[in-house]
Amino acid sequence: MSTVIQIAYLVASVLFIIGIKYLGKTKDARRGNILSAVGMLIAIVATMLTIEVVTFLEIFICILIGSVIGLYYATKVPMTKIPEMVALFNGFGGLASFAVGLSDYFLKSSTSLESLDAVNLTSIILSVLIGGVTFTGSMIAYLKLDGKVSGQPITFSGQHLLNLVLLIAFIAASVFVFLDPTNLTLILILVVISLLLGILTVIPIGGADMPVVISLLNSYSGMAACATGFILNNNVLIVAGSLVGASGIILTQIMCKAMNRSLTNVLLGGFGQTVATG
Amino acid sequence: MTVSALIILIYVLVLASYLGFELISKVPPTLHTPLMSGSNAISGITIVGALIACNEMGYTTLSKWLGMFALVLATVNVVGGYAVTDRMLKMFKKK
């Protein structure tokens, strides 16, 4: 990759760092957001320089569709519905990382199997897992906040056990993927489990805990982008992704503290509430 | 990927994560939602991955379509995320 692009990525990373810093201060917050948007633009333009001219039209159409949808919802949504919007956008980001991971897997498994090494497979599996959980989790959060699904915690007996079993099944399937990287059934199993896990971890959470969950899912979407960075060997993805991943965790903790709850308490959802009242 | 390349990526990961932990402290409660929304827009950086997936990865039909799908979604995340954050912060200024 050329030096110019690497330098552009470096500049973008610095702008993201300053942007996040400013976003935490009342008088600089708007400037911080604009700085990080400029960083994003620089990263996008730099990446476009590496792209073959033939694909420009398709890319242009995709970006146009995405921008119209994004701008429409961002400007039309009533201010009271903003948390729902954040959850929705966050879910889209997670699904994008999930799709990039799968895209890379399908390319390498059909063209250059030898490049599908341990690091690559691990990154792809993580990007599918975290991206998938972020996507379905954010969608459930969106539906709950929007009132399309009951905002109350939905719990059933053996819920935590089921999550644990699914997680173990995911790890087991991942091990088999290492042994047989071209087995599509295994990849499908990974996809289904990660999507299920997102739903199952968010349905038991409800009411006032929802903003905390959205903040946590936001952190996850950063980690998913970071995993994608490892697949593509791309620094700006790793920097931006891990910044969001780490700062998102801290913000989640701050929000929990403000509500006088612990993070485990929130994550265990309905279970945590019975403990709190009893 | 060679081991030395991987080590450099891990360095980047560790240092950026540490920075992320340190950047956020004493955020006033009114800024919690804008900060969440603003950092959500940054996590749309996966758009860079989507762009690459649309291009060099696009030798096979399936991965190309997945890349384009990802590009649309990531663009919604980036454009919508920044726009909605700016809208929120604009309101704060008026107060």
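**Close-ups of two interfaces in a predicted model**

**View 1. A salt bridge joins Asp86(B) to Arg30(A).** The closest N and O atoms of the pair are 2.8 Å apart; a salt bridge here is a side-chain nitrogen of Lys or Arg within 4 Å of a carboxyl oxygen of Asp or Glu. The count between chain A and chain B is two salt bridges. A quick note on the ground rules: this is a predicted model, where local features need pLDDT of at least 70, side-chain atom pairs count only at pLDDT 80 or more, and totals for chains, interfaces and linings use all residues. Residues are numbered from 1 along each chain as its sequence is written, chains are lettered from A and ligands numbered from 1 in the order in which they are written, and side-chain values use heavy atoms, with hydrogens and water left out.

**View 2. Chain A meets chain B through 90 residues of chain A and 75 of chain B.** Contact means heavy atoms within 4.5 Å. Together the two chains bury about 7,300 Å², with 78% of that on carbon and sulfur atoms; buried area is the accessible area (1.4 Å probe) that two parts lose on being put together, summed over both. Arg30(A), Met40(A) and Met79(A) supply 9% of what chain A buries against chain B, more than any other three residues.

**View 3. Polar contacts across the A and B chains come to 17 residue pairs, both at pLDDT 80 or more.** A polar contact is a pair of N or O atoms within 3.5 Å; within protein, one must be able to donate a hydrogen and the other to accept it, and residues adjacent in sequence count only if both atoms are side-chain atoms. On the side of chain A that touches chain B, the elements giving two or more residues include helix 2 (29-49), helix 4 (82-110) and helix 8 (210-232). Helices are DSSP runs (H or I, at least four residues), numbered from the N terminus.

**View 4. Within chain A, domain 1 (1-76) sits against domain 2 (80-277).** These bounds come from an automatic or database domain assignment. Ten residues of domain 1 and nine of domain 2 make the contact. About 800 Å² is buried between the two domains, and carbon and sulfur atoms give 81% of it. Tyr9(A), Ile20(A) and Tyr73(A) supply 45% of the area that domain 1 buries against domain 2, more than any other three residues. Between these domains there are zero salt bridges. Helix 1 of chain A brings seven residues, the largest share of the domain 1 side.
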